[in-house]
Amino acid sequence: LILPWHFVLGNHDWRGSVESQANLSLPHWNLPSRYFSRVITGANATPSPRSANDYEGGGDGSSFLAELFFIDTTPLLNKYKKDYRVWRNVRKTTNSYRQLQWLEGALRTSKAVWKIVIGHHPLYTYGAHYGEKWGPNHAELKRLLEQNRVSFYLSGHDHNLQCIRPVNETTTHVVTGAGSKVVGLQHAYKDSGLSTIYSKSIHGFAVVSLSHEAAIMRFVSGEDGSVLHTETLLARKIRTDD
């Protein structure tokens with residue numbers, strides 16, 4: 001597809017040089033750094049960077065339809081401290097606190113109707129990576145999503161399709177990692193504290209359509225193109241007192 005592609009780094013990417021991937025010069029490749037954001041100003045608009053003065057309160061972020069926050073989750077998980085192929089690179093170049101500090105500031109200053117955070121690893125999943133050892137960053141990232149009224153957290157890592165909304169939380173968690181291969185849902189419905197809206201082990205992908213009134217997320221079958229599930233969220237009023 002001749003479209004601008006925006007990427008996030010995954011655990012396999014960290015086995016090599018992430019700097020080389022971030023600096024890759026291709027017409028449709030968008031990975032300017034390990035974590036970044038892009039603004040969608042309106043319908044059919046191309047995602048573009050938000051200027052520095054917008055983060056400092058000098059811009060009118062309230063005109064944005066959406067802001068997408070692309071994060072690098074691998075350095076946030078404790079489990080990779082035991083994977084030398086990954087951690088030998090992570091420990092040389094990253095600071096997890098700095099990334100979360102950036103995310104908190106970017107989310108807090110955004111006045112977009114829709115705030116969508118995108119990371120490789122799911123915070124919630126019933127797939128093979130159920131119970132993955134995040135450590136304290138799991139609670140911290142979840143806090144940032146909830147306090148800053150993030151509508152969607154999009155992830156992959158598990159090779160299936162899932163839509164989860166935890167009880168007493170407002171962020172909808174979407175796992176869409178079934179583009180290349182499929183792995184079964186090994187821990188389906190184990191936690192009573194999670195509300196599974198939809199889950200299926202099938203080749204497919206997710207499409208999100210946004211307007212100022214609603215967001216429509218569709219899971220699409222990679223086998224026949226049929227719509228497997230549709231989830232609609234109504235826009236929440238933007239707070240202007242923070």
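How many helices and strands does the secondary structure of the chain come to? In this predicted model, the count is 5 helices and 12 strands, taken as DSSP runs numbered from the N terminus (helices H or I, at least four residues; strands E, at least two). Residues are numbered from 1 along each chain as its sequence is written, and side-chain values use heavy atoms, with hydrogens and water left out. Local features need pLDDT of at least 70 and side-chain atom pairs count only at pLDDT 80 or more, while totals for chains, interfaces and linings use all residues.

Of the 242 residues in the chain, 45% are buried (buried means under 20% relative accessible area, exposed over 50%, partly exposed in between; 1.4 Å probe, protein chains only). Among contacts (heavy atoms within 4.5 Å) between residues at least 6 apart in sequence, 65% join residues at least 24 apart.

The largest nonpolar core holds 50 residues; such a core is a set of buried Ala, Val, Leu, Ile, Met, Phe, Trp, Tyr and Cys residues joined through side-chain atoms within 4.5 Å. Val 117, Leu 141, Phe 152 and Tyr 153 have the most contacts inside this core. Beyond its neighbours within four places in sequence, Phe 152 is in contact with residues including Lys 115, Ile 116, Val 117, Val 174, Val 208 and Leu 233.

Attention now turns to the largest pocket. A pocket is an open set of points on a 1 Å grid over the protein atoms alone, where a 1.4 Å probe fits, with protein on both sides within 12 Å along at least five of seven lines; lining residues have an atom within 4 Å of a point. The volume of the largest pocket is about 1,800 Å³, meaning the space filled by probe spheres set on the points, which are joined across faces, edges and corners. Its lining has 43 residues, with Trp 5, His 6, Ile 118, Leu 154 and Ala 206 nearest the centre. Strands that each supply at least two lining residues include strand 5 (114-118) and strand 6 (152-155), but strand 10 gives the largest share, 6 residues.

Two loop residues complete the picture. Gly 135 sits in the loop between strand 5 and helix 5 (137-147) and counts as partly exposed because its relative accessibility is 35%. Pro 32 lies in the loop between strand 2 (29-30) and strand 3 (36-40), and touches Ala 22 and Arg 38, not counting residues up to four places away in sequence.
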